Each structure stands twice: as structure tokens, then as C-alpha cells.
Amino acid sequence: MKNVNLTINGKAVAVPEGTTILEAAKKIGIHIPTLCYLENVHKYGGCRICVVEVKGAKALVASCMVAASEGMKVETNSERVRKARKLNCELLLSDHPQDCLSCSRSGSCELQTLANSLGLDRARFKGERSPDFIDISPSVTRDAAKCILCRRCVSVCNNIQKVGILNAQNRGFRTIIAPAGGAPLSEVNCTYCGQCVNVCPVNALRETDALAPVWRALADPKKRVVVQTAPAVRVALGEEFGLPAGTPVTGKMASALRALRFDDIFDTNIAADLTIMEEGTELLHRAKAALTEGKAALPMVTSCSPGWVKFVEHEFPDLLGNVSTCKSPHMMLGALAKSYYAQKLGADPGDMFVVSVMPCTAKKFEVTRPEMQANGIRDVDAVLTTRELARMIREAGIDFVNLPDEDFDSPLGISTGAADIFGVTGGVMEAALRTVYELVTGRELPFDGLHVQPICSFDQVRDASIRFEDVLPEYKFLEGFTLNIAVTSGFAGARRLMEEVRGGRSKYHFIEVMGCPGGCIVGGGQPRSADPMVREKRRAGLFSEDERKDLRKSHKSPVAEALYKEFLGSPCGHKSHELLHTHYTERGTFNELIKK
Ligand code: SF4
Ligand code: SF4
Ligand code: SF4
């Protein structure tokens, strides 16, 4: 590609044709402030914070939108530019509540940081304000008064997730970002993935707050408050306290939860191991039925991601039979806490309060599903995101970084490495294969370091084939069978794979889907990060947790073994079905919902 030569603030730079001024400046270390722009996600030029002066141009130009050209002379920090940026920021603030003191985004808000860095010390303009409007869904809260119309959420929901819920409605000053017709999120086909929440620069999109009921339960002497933490939380929580992305803080997290006075600190990983036992068994049952009787819903698709499950319920209700009936791991652990553990304690499940700390906003909705309760008692009472747990830790004045490492509690605290990798795309599939292959053949999965390399990337869809040979006698039906697997994360890839299944064109027998692009490590409740390598770093953190363990296969988990022996019986047996499996509900497509 041809290069163009230009100068920025008197410094020469050569960049490939098509490079924006913003990108060219970045290349030579010149920082241009931005607000609506988000690298690789959203380019809109609406906020005009990134304006620069180009010699010969009448007006200032938005550097995120204009390509560098041969001989261009750019000034990024002239008085005219600085004044314009300040004015554009002041205009945004003139239609903003400015209640930073009581705003949960204070300290991590991009508008607040920008106003501060531009030296704004007062709000000069007072004019008409957009109306206040709060839409509280079980997972995501939209606070319209705080929206600065940057449209990052629109790009993520439409172009990356391809769900298309959020769009600009109305025109001019009446413009809002909302589902069609201004409908609440709970009345449309929103998956509650929270990817829009992760990119919102202000507090206009946030997780629906669960701190109050958790603090209340902790203060109630009659409640036994059990907490569990998902795999992805342990490699992201540290970022909220200034630690590098991907740093595993499992021990500090357990310590912090104890300091917060939770009664029992359990690891969702235990239930990830159980998921593999249940889902692996379910796959073998389905494969047997398909190979010996010619009937069974294949491919089987994973069910640990509640955003993904809701997506299928709306968009592919005809394929619900393909989705594994396993509950997601934290729901399994909640059900066990209020049955197996309650029984051990001699406690009334109604006096227990189970809190899940999750990387995910969709899990806040999942716990409200009627099928996730027994005898009118919910399996899980509240879901906190990783960000919310960090808020609790700060509120309690805990010095997180200097906490000693502590362990989870027994009996639901020891898990295998297979469970750790559940937090990253491809992890559930790899964990399942480690177990299924060994159960069927008696040999270890034949991949370096037990990692299934063809599916260890962030490409939208990856696949692999595993051939079963020299199988154990009870699995004779699988002799010579080649299992075709696929892995995807984010709804764009999932839609593609499910369209193939619907059209009878799928060659796969087992598909892993996670709702967030990259998996739970970048779930809608994880710390927001400006680090472009954050996914890779968090994945490396989870892999290191897996690799440091002696036990790396779910079927070798002593806790799972004891649970089946003492309480559950066998995988996919009667008791497991009652506690660890569920069913799904057809929810209607967008067009069907909007007609109601
Ligand atoms: S969103 Fe940001 S600027 Fe607005 S009130 Fe909250 S912290 Fe302040
Ligand atoms: S939660 Fe997900 S599906 Fe819903 S509006 Fe946000 S990005 Fe779209
Ligand atoms: S809700 Fe947030 S991300 Fe969406 S347009 Fe408003 S400020 Fe931007």
C-alpha cells in the first residue's frame, strides 16, 4: 500500500494511505483526546473532541474520521483547537446531570476524566436538559439523562454482537438511544450480554445494582450468606485495584470475601467440574442415540452462557432441543448450596442467601428465571459483577493489594484446572474433551499440554475433529467415530453456526457458544479496560491457573467424586437432573415482541 507523508505538530510521519490523522498521531506518540471514538469498535466523529487544525482547511476536522494525505500539516494543540475542544465538552456537560459526587461511575468515567484533563472547572452553560428516564431491566440499567449520544453501544450491539437492540430513536434534541419505539430492554430480545455496558463511556449504561440486598443479607444475623466466584473474576478483579491485566488474584479475592464477612466462600469452579461430568455424559448419551438408533438432537450446544441461552430462546426457538439441559455452573452451585450443603449444616435453605460474583450481567436475569428455584426458593439470590465486588471492597475500606492469599472453604472449594479455563472461549469445549476422550478411550487427550490448539484463539469460529479409536468396551458404539466440534463467542458467530444447523448443513456434533466475544473474561460485568491486549492477558492468567494445578481434568476432581458418591448419585441420574439440569422457554423474536 502507498505511504503518505505529513507533519503533525512539526514532526514528520509516513503512514499507509487511508490511515486517519488520529492513528498517524498515535504512531509518533502524539495523544489526541477522544470521547465517542473506540478503537476497532466505533468511529463516528460526533463528539468532536478529537478536532485538529489542518493547514488550508476552513474548519477544524475530526481526526478520527479524516484520512491523512500527502503534504498535510496538522496542529493538534493550537489555541483554536484547545478552545474548540473545551467548548464541545462544555456543550456536552450542559445537557448532563453532573452529579459526579453520587454517581457510581465517578473515578472511571471518561467524560469526567476528559473534562478534568481539558481544565474545565465550572459549567458555563445552563440550558434545556434532556428528560430524565431510567429503564431498569434485571441485568442492565439505562439512564437516559446521562447518555451523551456517542453511539458506541449502538455499534457494539449492531455490528459486533449483531443483535441490533439499541439504536438512535427520534431526531434532533429529542434523540435517545433505546430499543425501537423506546421500549424497555425487558420487553425486547436483548440478551443482557452487557457488551454495551462495557463500552459506555459514562454511567448511561450500567449493570443493575445488586449491592443493597447483599449488604442487607450480610448484616442479617439470621442469614447464612454463601458466596461463590466464577473463574473469569479471579484474573480481572485485580485491575480494579491497579494490578496489571490478567493478574490472578484468587487468594486475595478469597481473603477479601472473608473480610467482607461472607459465611462460606465457595468456588464456582466446583460446579464447572460438575458441568463437565453432566454435559460430557449428556453428549455421550446423545451420540449413542444418534449412532445406534439414528435419532438425537445433534449437534449438542453448550448452555453455560445465559446471554447465549436467551439469544437462542428468542432467535432459534426451533433449536432449543439442541441446547444442553445443564444449568450454568453458578446455578448448579447455588442449587447444591441450598440442598447438599444446607443438609450438611442442618440449615433451612430459606435462611440461606447465595451470592454469585460473576463476570456477567446476563446472570442477573438468569437467577430470576422461575425454573431456577426449588419450592419457591431461588437457587441464587443475588449476582454481583466483578466491578460491583470491587465497589464493595472499596466501600469496606479493604486494602486489596496488600491482602494475604487465602483459600476457598470446604467442602465446595477445591476444583481442577479444567474448571479454570471455563472463563475463556474454547475452555468449556477443551475441558469437556479432556474428560470425554479419556472416559471413552482410557487415554489422555492427545494435545500438547492438554490444550486443544486448533480452538485456542479468538477467531470468530474455530473447529477441530477428534477421532475415537481403540475405545473401551462400553463405548464400542464410538469406535472409529470422528467427533466434529466448533467453538464461537459473540452472537455473530453463533448466529452463523445455528443457521447452518437450522438449514441441515452443520457438520458438527458439539458446539460451544459463549455470548461475549472472547468469553467470560470480557463479560459485561468485567472491569472496563483500555488495554487492547486485555483478552490475551486474562486468558494467559486463566491458563496459568489451570497449568499450576496437579488436577486438570474434571473427572479427577475429588470433590465431584465425593458429591456423586454422597449425594448426587451418577451424572445425569435422577438427583442430578432435579438439581443440575433445566429447560428453556420460547421468548419471541423482536417482531413478535413489539406487536404485543
Ligand atoms: S456519568 Fe460521569 S460525568 Fe456524568 S455524573 Fe457520572 S461521573 Fe459525572
Ligand atoms: S445487553 Fe447486549 S443485546 Fe442487550 S442492548 Fe446491550 S449489547 Fe445489545
Ligand atoms: S448509552 Fe452510553 S454508549 Fe450508548 S450512546 Fe449513550 S453514552 Fe454512548
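In the predicted model, serine 465 stands opposite asparagine 484 of strand β19. The strand pair involved is β18 with β19 (residues 482–489), joined in the antiparallel sense over seven bridges; strands are DSSP runs (E, at least two residues) and helices likewise (H or I, at least four), numbered from the N terminus, and two strands pair if DSSP finds at least two bridges between them. Strands of a sheet pair through backbone hydrogen bonds, either parallel or antiparallel. Here an open sheet is formed by four strands in the order β13-β20-β19-β18, with mixed pairing. Its edges are β13 (300–301) and β18 (461–467), each of which pairs on one side only.

Residues are numbered from 1 along each chain as its sequence is written, and chains are lettered from A and ligands numbered from 1 in the order in which they are written. As this is a predicted model, local features need pLDDT of at least 70 and side-chain atom pairs count only at pLDDT 80 or more, while totals for chains, interfaces and linings use all residues.

The protein chain is divided, by an automatic or database domain assignment, into domain 1 (3–93), domain 2 (130–207), domain 3 (211–269 + 331–402) and domain 4 (276–327 + 417–519 + 545–580). The centres of domain 1 and domain 2, taken over C-alpha atoms, are separated by 28 Å. Nine residues of domain 1 are in contact with 10 residues of domain 2 (C-beta atoms, placed from the backbone, within 7 Å). The side of domain 1 that touches domain 2 has seven nonpolar, two polar and no charged residues, where Ala, Val, Leu, Ile, Met, Phe, Trp, Tyr, Cys and Pro count as nonpolar, Asp, Glu, Lys and Arg as charged, and the others, Gly among them, as polar.

In helix α3 (residues 110–117), the buried residues are Glu110, Leu111, Leu114 and Ala115; burial requires 20 or more other C-beta atoms within 10 Å of the residue's own, exposure 12 or fewer, with partly exposed in between, C-beta atoms being placed from the backbone. Seen down the axis of α3, these buried residues fall within an arc of 130 degrees, so they line one face of the helix; the arc is that of the directions from the helix axis to the C-beta atoms. Just after α3, glycine 119 takes a positive phi of about 80 degrees.

Ligand 1 is surrounded by 14 residues, the closest being Cys100, Cys103, Cys109, Val202 and Asn203 (C-beta atom, placed from the backbone, within 6 Å).

Methods: Contact = placed C-beta atoms within 7 Å.
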